[in-house]
Amino acid sequence: MPSPGAQGTWALQCQLPLEQRHPGTRKSGRGPILIILGSKRRAACVSQARNQQGGLRVRVPGQRRDGSCGAGTAAKAAGRPLLASLPAAREEGRRAGPAPGAVRRQPGPGPAVRAGVSRQRPSHGPGPRTAPGPAPPRPSHGPGPRTAPGLARPRASHGPEPAASDPWAAQPTAAGREPAVERSMAKKVAIIGGGSSGLCAIKACLQEGLEPVCFERTGDIGGLWRFEEHPEDGRASIYHSLIINTSKEMMCFSDFPIPEDFPNYMHNSKIMEYFRMYAQHFDLLRHIRFRTSVCRVSKRPDFASSGQWEVVTESEGQQEAAVFDAVLVCSGHHTDAHLPLSSFPGIEKFKGCYLHSRDYKDAQAFTDKRVVVIGIGNSGSDLAVEISQRAQQVFLSTRRGAWVFNRVGDGGYPIDTILNTRLKTFLQGLLGSSVACDYMEKKLNARFDHSHYGLKPKHRVFHQHPTVNDDLPNRIISGRVQVKPNIQEFTETSAIFEDGTREDIDAVVFATGYSFSFPFLEGCVKVVENQIPLYKYMFPPDLEKPTLAFTGLIQPLGAIMPISELQCRWATRVFKGLNELPLQHDMEADIEQKKEVMAKRYVKSQRHTIQVDYIPYMDELACQLGVKPNLLSLFLTDPRLAMEVAFGPCTPYQYRLRGPGAWAGARAAILSQRQRVVRALQPRASRHPARPSAAPHVLTVLFSIAMIVATLVYVSLCP
């Protein structure tokens, strides 16, 4: 017979076959099950996972007299919660011994089934709690400290709650699965890199009930954005004065707005402050192993069936191997400094000093010197401007020239909040690239004529990654920076340019970008000239199981942080089997198609091998995940929100309005984003400024409709 428990509750211990996950191993065996039998009722309710794929829920009902199983009622009658009656029942069962025919429970790490636990709201943490043992973290989706007023903490639901009349109903999880099934599918994920991509990867894993372990080779988070005088090898480094080129509303994580008193374009120290707030708010640091390098990532012998990886790491001279169910590579593409010395004849006999922009920290060492900066990307233009404030003369050498954008756009708003709208993206696709380039080049030349300043390139404005710099034309017009063509050769004390001019120089700064590689991946991926074949820039198409993904390995025309976050959200659901990838040949066809489009659009350069447009690529990922905003539905149900989504800046909050990981504060964040831009400019102003007029929105809508109608008429009249 079963053993009597507290207040007439009966407990029976038995075992059922199951597959159980241990760190780095899989074991098949028998797991303990506690079956609760209520007094005066004959019922047994069991939930148990049987396999790692979809799981199998087993419910064994008995005869019901009043429509309920008796454990919850017995505990309720006893005046105590059921959680208190379960240990008592177990203890009574141990004293009385097993019932005839029952299998004695063996000690082991099998999961205990929480039968009859009272209903509670599902969390976004790493799966349901198990007993005994410490509870895993339950990070909130709400905005962090110092966020804009009115942004509510999220309480997103991911499935229907169990009926109140059924105390045995299992609590749904983030994936809508039963807790026992979710436990059986809990997977360990290795995350390589603790920068911005690594942080959101940890959070995405926790939200999906996965177990993340992040390996960071340095002693702190932040990756690229952490300033250090002497950075470690294999990591990008920034200069002390670096300010980001994307505004805070466009670059923030989608459910954690940047504090409104932070500047719109942040210094690197402010970015690090935001990262620390994010990591603290979601309790991410405890999942990071600092000063741990990844030496090797290789497939397990049974990879074709298990999809598992063996990860070898090294910390304090000791190597350790562990098995993981999936791997997320979050090391980015700013890893190895690209120093093309072979392209500059005579550099070996140059008596001055030369360095890569990675090693530049400040302009102190260039005081009263004649310096040439090679490269007119964002780093090259920044360094030319900064060095020119101390140097005797700066020469900015460029092969192709560049279109230079200003951070401040029309009306004083950040330029990326003006350019990155769904309306402009739609019109650009409708009117064609040529018309869009004509419009933007006219706008840029209205600020200063690029041909007069020696900067006008032969390529169109949207055919190269943009250069953003507010001060470069001022330094050129004042003579502190001179624009020069490419260097033909070096002599011992000078540089000879392709236009035949010669300039005496003391130092050379190579702002020639970075290349990336993944030496720890044994033959799984191959990088050739900064090109790597990945489906959606994330998944290798030829793996038997999709358990390896790359995040942040893109160069967007916009902010990279929200893209990395959305990539992580999708990757974790692929790891869990909630989203599937296409067949291999379909993925390879998609990769080739994107490669051809990129080759036609961009000038040939290693920086353009991973180029993406912000809104189209975000929408592409959002469609895979099921979180793309439905504009038609919004216009019918929430016109005010729909107007801002369609005609306002495409901020990351838009991808939290619906679908997996929806955030209750997304609507408020979108509707208040313009006010937060202005508040950052007026930190001492009133916290509740007057509400802006709706007239600009109405005019925008009317103008958009007129443009669309005019375009359709024009197309229809064309022969």
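Predicted model: local features only at pLDDT ≥ 70, side-chain atom pairs only at ≥ 80, totals over all residues.
Where is Leu641 found? In helix α17.

Set aside the neighbours within four places in sequence, and Leu641 is in contact with Leu634, Leu657, Arg667, Ile670 and Leu671. Leu631 is ten residues from Leu641 in sequence. In space, the two sit 9.4 Å apart, C-alpha to C-alpha.

Now the overall picture. The chain has 719 residues, and 53% of them count as buried. Its secondary structure comes to 20 helices and 25 strands. Take the contacts with a separation of 6 or more: 68% of those are between residues 24 or more positions apart.

On to charges. How many salt bridges does the structure hold? The total is 29.

One is Arg656 with Asp255, at 3.6 Å, N to O. The pair links distant parts of the chain, 401 residues apart. Arg656 is in the loop between α17 (639-647) and α18 (666-671). Asp255 is in the loop between α5 (248-251) and α6 (268-281). Both Arg656 and Asp255 are buried.

Next, Lys299 and Glu544. Their side chains meet in a salt bridge at 3.4 Å, N to O. Again, distant parts of the chain are linked, here 245 residues apart. Lys299 belongs to strand β7 (residues 293-299). Glu544 lies in the loop between β22 (514-515) and β23 (548-550). Lys299 has a relative accessible area of 35%, so it is partly exposed. Glu544, at 47%, also counts as partly exposed.

Then Asp410 and Lys443. This salt bridge is 2.8 Å, N to O. The two residues are 33 apart in the chain, and the pair is another link between distant parts. Asp410 sits in the loop between β15 (404-405) and α9 (415-419). Lys443 is in helix α11 (residues 433-447). Asp410 is partly exposed, at 48% relative accessibility. Lys443 is partly exposed too, with a relative accessible area of 35%.

Some bridges share partners. Which residues do they join into one network? Lys203, Asp255, Glu565 and Arg656.

Last topic: helix packing. Two packed helices are described by the angle between their axes and by the distance between those axes. Here the helices are α4 (residues 196-207) and α6, with an angle of about 15° and axes 11 Å apart. The crossing of α4 past α6 is left-handed.

Which residues make the contact? From α4, they are Ser196, Leu199, Cys200 and Lys203. From α6, they are Phe275, Tyr278 and Ala279. By class, the contact of α4 with α6 divides into five nonpolar residues, one polar and one charged.

Technical notes. Residues numbered from 1 in each chain as written. Heavy atoms only, no water. Salt bridge = Lys/Arg side-chain N within 4 Å of Asp/Glu carboxyl O. Helix = DSSP H or I, 4+ residues; strand = E, 2+ residues; numbered from the N terminus. Buried < 20%, exposed > 50% of the residue type's maximum accessible area, 1.4 Å probe, protein only. Axes fitted to C-alpha atoms, helices over the stretch in contact; angles between N-to-C directions. Left-handed = near helix turned anticlockwise from the far one by under 90°. Contact = heavy atoms within 4.5 Å. Nonpolar A, V, L, I, M, F, W, Y, C, P; charged D, E, K, R; others polar.
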